[in-house]
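I opened this model to look up its fold, its salt bridges and its core. My entries follow in the order in which I made them.

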Amino acid sequence: MESKRGRPRNVETEKSILTASYDLLLETGFGAVTVEKIADRAKVSKATIYKWWPNKAAVVMDGFLSSAADRLPVPDTGSVFDDILMHATNLSRFLISREGKIITEIIGEGQMDSGLAEAYRTRYFQPRRLEARLLMERGVQRGELKDNLDIEVVTDLIYGPIFYRLLVTGQPIDDAYVQQLVRYAFQGIRN
């Protein structure tokens, strides 16, 4: 979070910090990343980092998100089924990638670090849920989905099993599985 006082952030310095935090996260895992290591790699002071972020979790999440944002575009194909299928497939592909596996680690660390849990919920998962919500609302407006659809429940119905496999069962998550999830869900929510 940017401070409301003082000079605005230097874009190059901010990028250097975010890149350093992301690189360290990939190299060592969340537990081994420290603000001191980020500052050393970015060639800035720890004070600069703490001026812009409240804690390690916030800067690491921002570094992760700045790197991951381009990989998860929000589709608009004209078909809510295709949009949700593409969105869920892109998310699942990302989650099983090398970079995406960091989310599993962050979720695990978040069980003992409430600041980290809040950071990944607000900075990563809530935006993904909002994207899914907007896609489904667009489908309702176009008459493709039922008017009385409980979008929160449908979001859990489609995306929840992906995370269940990722975090609990360890069963494979592939495109065919995601397509099956979306097809089954759409049998009950189509208009």
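**Entry 1: salt bridges.** I count a salt bridge when a side-chain nitrogen of Lys or Arg is within 4 Å of a carboxyl oxygen of Asp or Glu. The model is predicted, so local features need pLDDT of at least 70 and side-chain atom pairs count only at pLDDT 80 or more, while totals for chains, interfaces and linings use all residues. Residues are numbered from 1 along each chain as its sequence is written, and side-chain values use heavy atoms, with hydrogens and water left out.

By this rule I get 14 salt bridges. I looked up Arg123 with Asp62: their side chains meet at 3.2 Å, N to O. Arg123 sits in helix α7 and Asp62 in helix α4, so this pair ties together parts 61 residues apart in sequence. Helices are DSSP runs (H or I, at least four residues), strands likewise (E, at least two), numbered from the N terminus.

Are Arg123 and Asp62 buried or exposed? Both Arg123 and Asp62 are buried. My cut-offs are under 20% relative accessible area for buried, over 50% for exposed, and partly exposed in between (1.4 Å probe, protein chains only).

Entry 2: Next I looked up Asp76 and Arg142, whose side chains form a salt bridge at 3.9 Å, N to O. This pair links distant parts of the chain, 66 residues apart: Asp76 is in the loop between α4 and α5 (80-95), Arg142 in the loop between α7 and α8. Asp76 is exposed, at 54% relative accessible area. Arg142 has 35% relative accessibility, so I log Arg142 as partly exposed.

Arg142 also bridges to Glu144, at 2.7 Å, N to O. Glu144 is partly exposed at 23% relative accessibility. Which residues are linked in this network of salt bridges? I find Asp76, Asp83, Arg138, Arg142 and Glu144.

**Entry 3: the chain.** I find nine helices and zero strands. The C-alpha trace spans about 55 × 35 × 25 Å along its principal axes. Of the 191 residues, 46% count as buried. I took contact as heavy atoms within 4.5 Å. Among contacts between residues at least 6 apart in sequence, 66% join residues at least 24 apart.

**Entry 4: helix α1.** I checked the length of α1 (residues 11-28). Its 18 residues should span 26 Å at 1.5 Å a residue, and the end C-alpha atoms are 25 Å apart, which agrees. The expected span is 1.5 Å times one less than the number of residues. Buried in α1 are Ile17, Leu18, Ala20, Ser21, Tyr22, Leu24 and Leu25. Their cover includes α2 (35-42), α3 (46-52), α4 (56-68) and α6 (101-110).

**Entry 5: the core.** A nonpolar core here is a set of buried Ala, Val, Leu, Ile, Met, Phe, Trp, Tyr and Cys residues joined through side-chain atoms within 4.5 Å. The largest has 63 residues; Ile38, Phe64, Ile84, Tyr124, Ile158, Val182 and Phe186 touch the most other members. Helix α7 (residues 114-141) gives the largest share of this core, 10 residues.

What does Phe186 contact, leaving aside its neighbours within four places in sequence? I list Val80, Phe81, Ile84, Leu145 and Ile158.

Entry 6: Tyr164 has 48% relative accessibility, so I log Tyr164 as partly exposed.
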